[in-house]
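Colleague: I would like to learn how to read a protein model, one feature at a time. Please start with a single residue and build up from there.

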Amino acid sequence: MTKKVLSYAVRTAKSPLGPLEITRRDPRPDDVVLEILYCGVCHSDLHQARNDWGFSHYPLVPGHEIIGRVRAVGSEVSKFKVGEYAAIGCMVDACRDCDPCKKGLEQYCVKGCTQTYNGYDRHDHQPTYGGYSQCIVASEAFVLKIPPGMNLKSAAPLLCAGITTWSPLRHWNVGEGSKVAVIGLGGLGHMAIKLARALGAEVTLFTRSPGKADDARRLGAHNVVLSTDPGQMESVWGAFELIIDTVPYEHDINPYIMTLQVDGTLVFVGQLGNINPTANTVAMIMGRRALAGSAIGGIAETQELLDFCGEHGITAEVEMIRIQDINEAWVRLENSDVKYRFVIDMDTLKIP
């Protein structure tokens with residue numbers, strides 16, 4: 001048995017999003033069926049739709065910041081009950097048997113985790129379709145609990161923007177008194193500031209835009225450094241133990257390397273691809289400074305994030321949109337014209 005549901009999809013790398021009927025599987029014994037209430041809009045949705053990374057397949061239904069209500073559960077499901085709110089992030093399965101999976105690092109599954117969209121189911125080999133749709137079906141092992149009282153609309157971006165910045169903060173042991181900098185104030189950057197501040201760090205924003213200073217401080221930044229000002233950059237040489245680089249396009253990282261402490265790390269969470277211009281290793285060698293990359297978090301770490309945000313009253317800054325306005329929203333996303341995450345009200349997805 002399968003179920004036909006309505007979605008918004010792209011049919012080619014150059015086509016706009018539009019309505020498409022897709023098939024969702026009948027629930028397996030360990031499956032949870034979510035009626036999707038809200039879905040965040042991630043910059044990677046646009047990259048995947050346009051095949052910027054070279055591995056998209058069509059039709060493609062984006063969306064991996066999913067908040068929903070449980071509508072049905074399989075016979076072996078024990079964590080969720082019908083009527084509860086639940087969430088799904090960037091992945092819906094993994095091999096569950098390799099070393100990273102056994103360590104709770106399913107995002108680094110040796111055999112490749114199954115993406116919530118633009119992937120293939122490990123059992124029936126059918127394409128996976130994301131949250132720009134009426135419902136989704138996934139194993140309870142990859143479905144997350146939402147803390148009581150959390151604002152559901154602004155919780156959706158925690159499933160990608162939130163966990164993408166939370167994971168490096170936790171891995172590099174950020175806590176009370178840590179000195180952390182964030183490059184870029186967008187969907188990822190604003191979550192990095194909020195989370196680092198809540199963990200007790202002294203937080204600095206690097207930005208090219210002086211007009212973002214007030215907003216950065218409102219979000220929790222203690223300091224703002226204009227990265228185009230050599231004097232301001234020199235004033236923070238050797239200042240930071242961790243820099244989270246959220247910029248999603250090629251940019252010069254060399255000025256930032258000098259602002260790391262000895263043994264400090266700059267971690268990429270936004271850009272996929274080459275470093276251009278190339279990194280000069282002198283500052284790295286002379287200070288044992290490191291460049292690193294980080295993806296999303298595993299399921300346990302994502303649940304930890306949701307629980308932490310529930311305890312500290314943290315959600316994303318969002319602008320709600322109708323699904324019918326998604327193409328315009330993508331244009332605005334390309335122009336960085338959103339503060340700081342679009343979230344789709346999926347109740348607007350109706351059969352024309």
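Modeller: Take Arg-322, which is partly exposed because its relative accessible area is 43%. The terms are set by cut-offs: buried means under 20% relative accessible area, exposed means over 50%, and partly exposed is in between (1.4 Å probe, protein chains only). This is a predicted model, where local features need pLDDT of at least 70 and side-chain atom pairs count only at pLDDT 80 or more, while totals for chains, interfaces and linings use all residues. Residues are numbered from 1 along each chain as its sequence is written, and side-chain values use heavy atoms, with hydrogens and water left out.

Colleague: Which residue forms a salt bridge with Arg-322?

Modeller: The general idea is that side chains of opposite charge can pair when their charged atoms come close. The rule asks for a side-chain nitrogen of Lys or Arg within 4 Å of a carboxyl oxygen of Asp or Glu. Here the partner of Arg-322 is Asp-325, with the closest N and O atoms 3.1 Å apart. Asp-325 is partly exposed because its relative accessible area is 27%.

Colleague: How many salt bridges does the structure hold?

Modeller: There are 21. One of them joins Asp-337 to Arg-332, at 3.0 Å from N to O. Asp-337 has a relative accessible area of 40%, so it is partly exposed. Arg-332, at 26%, is also called partly exposed. Another salt bridge pairs Asp-97 with Lys-102, where the closest N and O atoms are 3.9 Å apart; both of these residues are exposed. Salt bridges can also link up: Arg-25, Arg-28, Asp-31, Asp-121 and Asp-124 belong to a network of them.

Colleague: Into which domains is the protein divided?

Modeller: Domain bounds come from an automatic or database domain assignment. Domain 1 covers 3-159 + 317-350, and domain 2 covers 162-293. Their centres, taken over C-alpha atoms, are 29 Å apart.

Colleague: How many residues of each domain are in contact with the other?

Modeller: Contact means heavy atoms within 4.5 Å. By that rule, 9 residues of domain 1 meet 14 residues of domain 2.

Colleague: Now a loop, please. Where is Thr-128, between which strands?

Modeller: Helices (H or I, at least four residues) and strands (E, at least two) are DSSP runs, numbered from the N terminus. Thr-128 is in the loop between β7 (114-115) and β8 (135-139).

Colleague: Is Thr-128 buried or exposed?

Modeller: Thr-128 is buried, because its relative accessible area is 11%. Its contacts, leaving out residues up to four places away in sequence, include Val-92, Tyr-117 and Tyr-120. A polar atom of the Thr-128 side chain lies 2.9 Å from the backbone oxygen of Gln-115. The loop between β7 and β8 also holds His-125. At 56% relative accessibility, His-125 is exposed.

Colleague: What is the phi of His-125 near?

Modeller: It is near 65°, a positive value in a residue other than glycine. Asp-263 gives a further case, with phi near 70°; Asp-263 is in strand β14 (residues 260-268).

How values were computed: A polar contact is a pair of N or O atoms within 3.5 Å; within protein, one must be able to donate a hydrogen and the other to accept it, and residues adjacent in sequence count only if both atoms are side-chain atoms.
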